[in-house]
Structures are given as structure tokens and as C-alpha cells.
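This report is meant for a reader who is meeting the structure for the first time. Please look over the sequence and the model before reading on.

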Amino acid sequence: MTEHIDAAWLAQRLRATSSKDLGHGLTRLIDGGELTPGAHLPTIRDFARAAGVSPGTVMTAWSRVRDSGRLHTRRRGGTVVADPYRPAPASPNGHVDWPQIEISLVTPDPALQPDLGAALADALTGTADLHNPSRAYITDRLRRSVEHSWPFAAQAWNCVGGGSEAVALATAAAASGGSVGVEEPVSPGYLDLLRQLGITAVGVRADHSGPTVASVTDAVRRGVTALVLQPSGAYAMSGALTAERARELADAVGPDTWVVEDDSAGPLASAEPASLGAHHPDRVVRIRSYCKAFGIDLRTAVLGGSAELIDRTVRLRSFGMASNSRVLQNALAHLIDDPDTQDAMIRARGRYGLRRRAVLSAFTRVGLRASASPDGFVVWVRVPDETSALINLARHGIVAAAGAKSFVTTTEGLLRFSILQLPEDSDHLDRLAEAVCAAVNSADREYFD
């Protein structure tokens, strides 16, 4: 059904009087996913009346946004939000070339990442101590850029080569040869990492508000030396950590357990995730990864929190001799502070949100049980038999991931689909959903073919 945007609602959301500010605000609403493709804007006169501005001001604002490709005007059909989706690779018959679309690994869409040129150039010319032989575990510029948005007052900081390295170092530093409680489901490959480190994992169940108090209490009772949580819910099945749940978990953790918070979403999260660091700043380390948002070539993730645990990560990294390039650190600071990059992140969140909602709807329409967290990178689909479903999909060139690899404890059959590179065309997603449904429903016959 066609959505018609109410003039009063839109005026309340924009709250501007100049054509420039109105256009900028409308762009943010479109890129952020609040105004979806196909939505009809109110007439220029209706909006001008609701916003208390002249029709000419509105006309100029709408024209600015139309020139960017976000709006188009239909004859007698009014002004409509355009659908600027990036077409998926397709064969001549119009079908999606699914082997060319990464849905098993959580790989971001390069088209939604910022250009690094200006950031690197600024870092090269603006780093006064370039070539200084002393180690910069974090530059002053990067620390200033991140600390104002950090969810608690960090005692110390470190900067390492990406989110995966940060999680590996923090886990090794916190585990001290013991076991760790791991919020399930975990990011792909993390359980393999724990096995390589010789660390025993204890599964921690989560619900729509984050890790459950009962599961965390049980893990602490079983003697874990640390908890590894994912407050942004990037890989969660239903939700992210709430502030209320963080307060409850802070009481359950106790004084002798370290907490590692892996914020792998970084700038792609819709809001700063809650943290136990507000309650136990001396026991918590927060990791903020920028790889999904800004690209893997920055090779930079920030750790902030407990001075003791941060010091351990410094010593574990090449015996304390390694530090990230000042150029890369200051390039990251440039991106964090740059208004254009902030706008690009609003657009990326909106596009990823659109893909997440669209594929969830497609799966639901064909009767599949699918779920994802609000800022999740993946969608989970419940299946009776993972192996058979994966084999059946692979026969059609669709490579999904097995959910079992993301769980410590035994769980129901699950398939994991990355949403980051999905096409946004509803027909393509409907065909994907139909293929998954067919693969799932034929799973119980697989072994008799």
C-alpha cells in the first residue's frame, strides 16, 4: 500500500525554515530509512503551511534533494521518495547471480563506506610527530575524537589493528588461562579463536534485552574469569543490551570477573549501546570497531576501559613493542569528526536497515521463522536440519552459513544470512526466500533422494 507522508508530521521532524536546512533534513530522513522508497511527500503548499514557510522555500529544498537522486516527481502523482538501490549482479534473464553476492560472511557493502582519500591526506599533513620512533598506543587526536562518545570514563586506551585483533587481545588478557562466558550467538570464527587460544567457552544466553541475568549468574557460578558481550547486538537473534539490563548484569557479575564488550557495529549502530562500564569502570574494557563502517584498510579499532586490562593488551601485542600507525589513527579521527562521513553513516544505517527489514519480510511471507536484532548484521532462519538445508541451497548457488558455528551450547537448527550486501529489489528477495523455503522443506527428504 502506498504511504502518504503527513505534512504536520514531516514539519515536526524537519523543524527548519531555510531551504538549505530543509533539504539537508529531508536527505537525512531518506538516508536514515525514516522515509522509505515509494513514499509520497505532501504537496508543497500543504507542507509550507504546516512548516510556516513559503512555497518557494519548499520548492527550492525539494529541488536540492531531487537533484541528488533521492526524489522524483510523477506527473499528477506528486513527489515520491526514489529507490536508489544498487542493483545486484544479474544474468541476462534478470535473475540474481547469487554466487556473486556475499551472504555467508559478514562483509560490508563497499558502496556504503566513505572515501579514505581526504582522511589519509589530512592525517599525513596533520600528524606533527610523523616518523617519531616512540610508540603511540593511541594518538592524542584519536583519543579526543572517541572519548566524548565513550559510554563511561575510560581509565586507559589502546588502539590495535582491527576489531578481530582487539577481541583476541582483550579475551586473552581477561581469560588468564581460565574459561570465559560468551554471549550467544557469537560472531563467525570467534569460537575457533578461543580453541586456538586454549580457552574454554561457556555459553551465555540472550533475549531481546541482551544477556539474561540467569545465564550470566550461572556462568559466574561456574568460575568464568571473564564475560565477552556484544552490546550492539550485531549478531544477536532479537535485540541489543539495554541500560536496564546492564544495571542488572552489573550486580550479577561480581567483583572478580572481567567484562569485554565487543561493539563491532561502531558507527553503524543507531545509538551508543549500553555498557557495564558505567557501573564497573575498573573491570570493563569496551572495544569499538570501525572496520564494517569505514573499511578494513584502516586496520584500526579502539579499546578503552580498565587500566589493568588495557595494560595487559598492550603487553600481549608483540610483547608491548607494537603500535598502530599514527597516520591510520589520525585518519580514523578525521572520519569520526567529519560531518560528511557522519552523513554517510546515516545513509549506510538506512540502507542496511532497509535490507534487513526487506529480507525479514520476504522470509516471513513464505512462512519461514526468521529474526534479527534492530542493528543486526545477520538474519537467522530456523530450520529442521542445517546440513541438508545448506546442501540444498548450495545446489542453487546460494551459500548461507551454519548457525551451529555461532553457538557454544546445543541449539535448534539455524541458518545465518548476512544482510550487508543483499539486493534491495523485492522481487530478488522474494526469490531468495522461496529458494530458502524450498531448501528447508525438502531437508527431511534429503537423505532419501
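## Polar links between domain 1 and domain 2

In this predicted model, the interface of domain 1 and domain 2 holds 1 residue pair in polar contact, with both residues at pLDDT 80 or more, while the count of salt bridges across that interface is 0. On the side of domain 1 that touches domain 2, the residues divide by class into 3 charged, 2 polar and 1 nonpolar.

## Extent of the interface

Between domain 1 and domain 2 an area of about 500 Å² is buried, and carbon and sulfur atoms give 60% of that area. Within domain 1, the residues that lose the most area to domain 2 are Arg28, Asp31 and Pro37, which together make up 64% of what that side buries.

## Where the domains lie

The protein chain is divided into three parts, with domain 1 covering 7-81, domain 2 made up of 98-111 + 344-446, and domain 3 covering 115-337. Contact between domain 1 and domain 2 involves 6 residues from domain 1 and 6 residues from domain 2, and the C-alpha centres of these two domains are 34 Å apart.

## Enclosed space

Rolling a probe the size of a water molecule over the atoms shows where empty space is left. For this model, the count comes to 2 cavities of 30 Å³ or more, and the largest cavity contains about 110 Å³ of space.

How many residues line the largest cavity, and which of them lie nearest its centre? The lining consists of 13 residues, and those nearest the centre of the largest cavity are Val186, Ser187, Val228, Gln230 and Asp262.

Methods: Residues numbered from 1 in each chain as written. Predicted model: local features only at pLDDT ≥ 70, side-chain atom pairs only at ≥ 80, totals over all residues. Heavy atoms only, no water. Domains from an automatic or database assignment. Contact = heavy atoms within 4.5 Å. Buried area = accessible area lost by both parts, 1.4 Å probe. Salt bridge = Lys/Arg side-chain N within 4 Å of Asp/Glu carboxyl O. Polar contact = N/O pair within 3.5 Å; in protein donor to acceptor, adjacent residues only side chain to side chain. Nonpolar A, V, L, I, M, F, W, Y, C, P; charged D, E, K, R; others polar. 1 Å grid on protein atoms, 1.4 Å probe; cavity = no way out; pocket = protein on both sides within 12 Å on 5 of 7 lines; lining within 4 Å. Points joined across faces, edges and corners; volume = space filled by probe spheres on them.
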